[in-house]
Amino acid sequence: MATNEKKGTDFLKQGGILAMASLFVRFIGLIYRIPMSNILGEEGNGIYAVAFEIYDLILIISSYSLPLAMSKIISAQIAKKEYKNSSRTLKVGMIFAMISGGVFAAALLFGAGAIEQYIYPEYAGVQIPLRILAPTILIVAFLGVFRGYFQGKKTMIPTAVSQVIEQIINAIVSVVASYLFMKWTFGDIHQAAWGAAGGTMGTCLGAAAALLLLVFLISIYKPVMRKMESRDVTNHVDSTGYLFRVLLLTILPVILSQTVYNISGLIDYKIFGYFSAETGIHPVEIKSLVGVYSSKYRVLCSVPIALSTALASSMIPSAVAAFTEGDAENLKSHIASVVKFNMIIAFPCFVGYTVLGMPIVKLLFSSNYILGGKLLVAGSLAIVFYALSNVTGAALQSINRMSLPVIHSAISLVLHIGIVVVCVKFTSMGIYALLVGNITFPLVVWLLNLWALKRYIPGFKQEIIKTFIAPLAASVWMAIVTLLVYELTGLITTSNIIRTLVSLVFAICVYFVVLLLIKTLNKEEIVQFPFGYRLYALAKKCHLMA
């Protein structure tokens, strides 16, 4: 029992590290997107959004799944004390990165014009940022291999630190380059596209900086690797060809799953652009509406969703080890813990955006905040379903049911396309139609994943009260107090900045006080949060915990 508790503590601690880094990274991402969004304008944001969706899809096909696949394979090898195989897997991963990343980087570089001409003619100029993004494919491939290696060793610190450095460089370069590119191309018909290209340049240089850090860490870690190899008593060494096949077979289901999972955004933009153009809407207006949707609604929703992705990723090595060792109770405990932590984050974000969506968008963005705020209020429920679908998908991958998330995502995608087409073509919903698809897609994936988990993990049952009911109840109380504070501060000042910031401070305090009063968290769980021991000490001092 003590061993299992220690495993759970280490697992949550590592998850907390990665989640904290992801929160910081997303915070930086949100901060730099504000000036960049204002520099680019709505048309530039629309081009930037489409370019990034295309880049993301190619990245997923080429190398996005490498960290997950590497961590899964290496964690299983470490559990069996096959240290030599783990080192060889790292070498095989680098070969795979070179081949896959190189081929797809070249394809994007030379095929950007064809993508714009034949697939996305509604978004003229998108080929310019795509060509800037092309080298990033190769860089991120190697980055994924090194991150996956360290995650397989159950240490999230290299990944966390590299993510922070990557985002800092990305933020600085993106804002500066987008401003300079817009300035240098003033009067050019593709000025907005060049501005978007400046933003994508930050992505490339940020990834390069993170790769240099991990290369350095691997180089100083080599003596430890050799020492561990000397302790390998299994005498089991797989051939390079065998490990390459294992990596490929592990990656393929993840690629299919993530491709289906992420292609919905590209399909949404195409459906919206195509049918909007048919009705006579000007291309600039189409790009502008997509720009508001992507730069305001999706950026703000991506912050809590990134936390769920980080927690899901951190679960995989420990869950794989528990599955490999036949420790069913530990496996179920890991999954249940991550679901609970996700709901504690997702529910207050969903409810908070619902009640303060408009003031938050107005606080952050200078242009078209009314539409952006309405989108955030109407579509924030997607945060909860994305969190649940991320965790349950990672859980299925951990128990070698790699094909199921693919199948479930494909089923959901078919329904998603039908829903979005109907909403765009046969209703007057306009850009709001994309919200409907963005909510229903992860909802269907989660329900199918949950059904599969109960089928393939005997006895798995997610606790309901403290996982779902308590965070939702605390979020409702938070919303009531937040609205009262926002209205009362309006009697004192008309400043939206002051009213929103004061309301957010009250919201955070009220949520955690209510969460503790209804005993949603115990000491072991709260100390896993960032600054957890300080939070526990404060809660104890305020008589909120024993």
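Start with Phe52: in this predicted model, its relative accessible area is 18%, so it falls under the 20% mark and counts as buried. Tyr55 is buried too, with a relative accessibility of 3%. Both residues belong to helix α1, which covers residues 2-64, and since they sit three residues apart there, about one helical turn separates them.

The structure has 14 aromatic pairs. In the pair made by Phe52 and Tyr55, the ring centres are 5.3 Å apart and the planes make an angle of 75°, so this is an edge-to-face arrangement.

Over the ring of Tyr120 you'll find the charged end of Lys270, 6.0 Å from the ring centre. Tyr486 has Arg499 lying over its face, and here the distance to the ring centre is 3.9 Å.

Those last two residues lead us to a pair of helices. Tyr486 is one of the α14 residues in the contact between α14 and α15, and Arg499 is among those from α15. Helix α14 spans residues 465-489 and helix α15 spans residues 496-517; their axes are 8 Å apart and the packing angle is about 150°. That angle is over 145°, so α14 and α15 count as roughly antiparallel. The crossing of α14 past α15 is right-handed.

If you want to trace the contact yourself, the α14 side includes Ala470, Trp477, Met478 and Val485. Across from them, the α15 side includes Val502, Phe506, Val510 and Leu515.

Key:
Residues numbered from 1 in each chain as written. Predicted model: local features only at pLDDT ≥ 70, side-chain atom pairs only at ≥ 80, totals over all residues. Heavy atoms only, no water. Phe/Tyr/Trp six-rings, centres within 6.5 Å; stacked < 30°, edge-to-face > 60°. Helix = DSSP H or I, 4+ residues; strand = E, 2+ residues; numbered from the N terminus. Buried < 20%, exposed > 50% of the residue type's maximum accessible area, 1.4 Å probe, protein only. Lys NZ or Arg CZ within 6 Å of the ring centre and 35° of its normal. Axes fitted to C-alpha atoms, helices over the stretch in contact; angles between N-to-C directions. Parallel < 35°, antiparallel > 145°, perpendicular 65-115°, else oblique. Left-handed = near helix turned anticlockwise from the far one by under 90°. Contact = heavy atoms within 4.5 Å.
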